[in-house]
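Reader: I am new to this structure and would be grateful for a close look at a single part of it. Please treat that part in one connected account.

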Amino acid sequence: MLYAYLIVTAMAVFASVAAVAFAWSVVAGQFRDLDAAATSIFWDEDATAEVPRG
Amino acid sequence: MAELEHAQLLAKLDGSCRRPVLLFLISAVVWLLVGSTLALIASIKLHAPEFLANDAWLTFGRMRTAHLNSVAYGWAAMAAVGVLLWLVPRLTRAPLRGTRLLEGAAWAWNGLVAAGVVAILTGYSTSVEWLEFPLPIAMGLTVCFAVVAGAGLDALHRRQVDHIYVSLWYLTAVMVWFPVLYLTANIGIHGGLLSGVAQAMTNWWFAHNVLGLFVTPIALATLYYVLPKVIGRPIHSYYLSLVGFWALALFYNWAGLHHLVGGPVPMWAVTVGIVASMMMLIPVTTVAFNQHMTMRGHFHLLRSSPSLRFVVFAGMSYAVVSAQGSFEALRGMSEVVHFTQYTVGHAHLGMYGFFSMMMFGGYYFILPRLTGREWPSATLIRVHFWCSAFGIAVYFLALTAGGVQQGLLLLDPGVPFLDVVQATLPWLQARSWAGLALTVAHIAFAISVAQMVLGLAPARGTPTLLAQRVTSQGGAA
Amino acid sequence: MIEPRTLLLGALATVCFSLTGYVLVPALGVETTPITLENGRAYPPVLSEQAAQGREVYRDLGCVYCHSQQVRPETFGADLDRGWGRRGSLPVDYVGQQPPLLGTMRTGPDLADIGTRQPSETWHLLHLYDPQLTSPGSNMPPFRFLFDEVEGHDERALTLPEGTVANGVSVVPTARASALVAYLQALQQPPDVTGSSDE
C-alpha cells in the first residue's frame, strides 16, 4: 500500500498546483482568454466554410 | 501577410501532406469496412452460436479478435495518423518532409495489419488483449509509427509559428507516448521478459493507455481544431485547455489497473488505478466545459456542417463515456459490471461514440481541402450521421442495460449460469441490429469518400449540406 | 507560452512515471518463482506436455474472450458461492504463465478451477463438440472442427445422441481436442495455497 500512498500523493500535489493555477487565472481575468494562441489557427482564412456566414 | 502569400503557403502545406494523408485516410476506411464485417459476424455468433461454426478461422474467439485489431490498428490508428499528418503542417506552418517515406509507411502499415489479422484468423494470436499481433508485426508497426513521429517532430522543429496551439500539444505528446507504450508492452510481454501477474499489469497499463494517450489526444486535437474553425470562434478558455492537457497526461497514465479490480494483483496497484480514474473527471470536465461554452449560441450551425455534427456528437460522448468510466472503476460498481457486456458497451461508446465520430468529423473537414471536391451527396451524409448516431446509441443502451442485468444475476448464486446466459440474449440481439445500422453508416461513408478521391464529386464550391440548406430556405422565402 | 521541449519532456516524464509503477515495480516485486507447499510439492506445478499443448489451443481459439481465469476473493462477488473456486486467486497461481489468461469477460463461467469442478474427460469432449448436448441454451460455440468423422467403429468415439451424425460414422477427438481437455483438467487452484495479494 505504501506505493499507492506515494503515487496518489504525487498526483494530489499536481492536482493542487493545477487548481491553484486555474483559480489564479480566473482572478486575473484570463478565464475568457482570446490571446494570440487561441486565434492562431485562423491564419489560413478558410474558417466558417461550412456554415452560413454573418 | 497578404492573401496571396497565405494561399501559396497553404497550397505548399497541403501539397506536402496530400498523398500520405489520403493514403492513410483511405486505408482506414477500408479497414473500417473489414472491421465492421468481422464485428457483425462475431456479434451474431453470440446469440446464434451455430452461425458459421464449422471452421476454426470463423470461430468467435478469432472473429472477435480480428475485429478488434482491424478496427484498432487498421481503422482507428490509420485514421488518427492521417488526421495527425494533416494537422501538423497546418499548425506549424511547416511543410512535411519525407513524403515518400510516409507513403511507404502507409503501405507497410496496411500490409502489417493484414498480416496480423490473418495471423489471428489462422491461430497465431497471442491472446493478450489489445496486443494480439505477434511480435514481428508489432515491431514493424513501431517502425512505421517512428517514421510518422519523425516527420511530425521534424515539422515541429521547423515551425513558423510563435504559439504552439493546444491541438499540437496533444499531437506532440502522442508522438512520444505511443512508441513508449507500444514498444515497452510488446517487448515486455511478447519478448519473454514478463510473465504471470506482472505481465497482466503491463497488459492493462498498455491497453488503457493506448486509448488515453494515443486515440484520445488525437481526437481532442481534432476537436480543438475543427470546432473553432467551423464556427469561426476561438475556444472559450484557452487556459483551461492547458490544465486539461496536463491533467490528462498525469492521471490517464495510472488509470489502467482498474481493469483488474477484484483480481489477483497487488492491492496498491488497483487502488491507484481507481484513484486515477476518478481524477480523470478533471481533464474531462475541462474539455466538456470548453466545448459547451464555445458552442453556446451556435448549435443551429450543426444543421449545415457535417464536420461540426460529428465532432460535437463525439465531444458529448467523450464527456459521458469518461464520467461513466470513472465511476465504473469504483469497487462497488466493478463488482457488478466487470466481466459483463456493460464493459463492452462502455468500450464502444469510447472507441466509436467518441473516437470514431471525431475522426468522421475530421474527414468531413479535411477531405474537401485535400481533394478539392465537395462531399457528393447530402443524403449520404445524413445516412452516415443518423445511422452512426442511432446505431451507437442503441448499442450502448442495450449493452449497458443488459450488462447491469447480467452482473446482478451473476452476483446471485441462486441463479443458474444458463439462466444468466438466456437473460443476455435479447440484448445481444439488439446489439447485432445496432451493428447493422453502424455498418450501413460506414457503407454510406465509404461511398462518399470513394467518390471524392476518384474525382467523381463536384469541384469545390458551397459545401454540400450548406448548399442544400440555402436552396431550401431560398425556396421558402 | 509553452515550449516544445517542456512538452516533450513532460510527456515523456508522465509516461515513464507510470511505466515505473505499473511495469518495472511489478516486474521486480511480484512473485515470479514457484513456492513449496507444506506437503513438499512445488506450486504451481509444471503442466504436462499435453496440457501445455492444450493451453496453446485455448490461446489460439480465443477461449479467453469468454472465460476468465481468476476467482474473486470471498468478500467480492459470488464466485465462491457459485462453486467457481475454493478460494480467491492469488498472484502465485500465475507464476510462470505466459500469457496469464486472466480474461475480462464472463460470457461463460470462470475456469480457474474447472479441473476440480468438472474432471470428466467425456463431459469436456461432448461439451466442446456441441455445448447444446451438455448445456442446452448455451451460447458457447461448438468446436466440431476439433473432431474427425471416421467411417466405422472407433473406440475413442464420442457417445452422441441418435441422429447427430450419419449411421456408421464415429466422431473422434483430434490430438488438439484431447490436449485442450488435458489442459482444462489441469486447471486447478488448490485451497491449501496461502499468500497475500498485497505484496
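Which residues of chain B make a nonpolar surface patch of about 500 Å²?

Author: The model under discussion is a predicted one. In it, the nonpolar surface patch is formed by B:Ile26, B:Val30, B:Val34, B:Val453, B:Leu454 and B:Leu456, and covers about 500 Å². Helix H1 of chain B, which spans residues 3-47, supplies three residues, the largest share of this patch. Another member, B:Leu456, belongs to the loop that runs between helix H14 (417-453) and helix H15 (464-476) of chain B. B:Leu456 counts as exposed because its relative accessible area is 58%, while the cut-off for that term is over 50%.

Chain B is assigned a domain 1, comprising residues 1-162, and a domain 2, comprising residues 341-465. Their centres, taken over C-alpha atoms, are separated by 19 Å. To the contact between them, domain 1 of chain B contributes 26 residues and domain 2 of chain B contributes 28 residues.

The size of an interface is often expressed as the accessible area lost when the parts come together. Between domain 1 and domain 2 of chain B, about 2300 Å² is buried, and carbon and sulfur atoms account for 77% of that area. On the side of domain 1 of chain B, the residues that lose the most area to domain 2 are B:His47, B:Trp75 and B:Trp86, which together make up 23% of what that side buries.

Technical notes:
Residues are numbered from 1 along each chain as its sequence is written. Chains are lettered from A and ligands numbered from 1 in the order in which they are written. This is a predicted model: local features need pLDDT of at least 70, side-chain atom pairs count only at pLDDT 80 or more; totals for chains, interfaces and linings use all residues. Side-chain values use heavy atoms; hydrogens and water are left out. Patches are made of residues with over 30% relative accessible area and no salt bridge: like charges are joined within 9 Å, nonpolar side chains (Val, Leu, Ile, Met, Phe, Trp, Tyr) within 5 Å. Accessible areas come from the Shrake-Rupley method with a 1.4 Å probe; for residues, only the protein chains shown count as cover. A salt bridge is a side-chain nitrogen of Lys or Arg within 4 Å of a carboxyl oxygen of Asp or Glu. Helices (H or I, at least four residues) and strands (E, at least two) are DSSP runs, numbered from the N terminus. Buried means under 20% relative accessible area, exposed over 50%, partly exposed in between (1.4 Å probe, protein chains only). Domain bounds come from an automatic or database domain assignment. Contact means heavy atoms within 4.5 Å. Buried area is the accessible area (1.4 Å probe) that two parts lose on being put together, summed over both.
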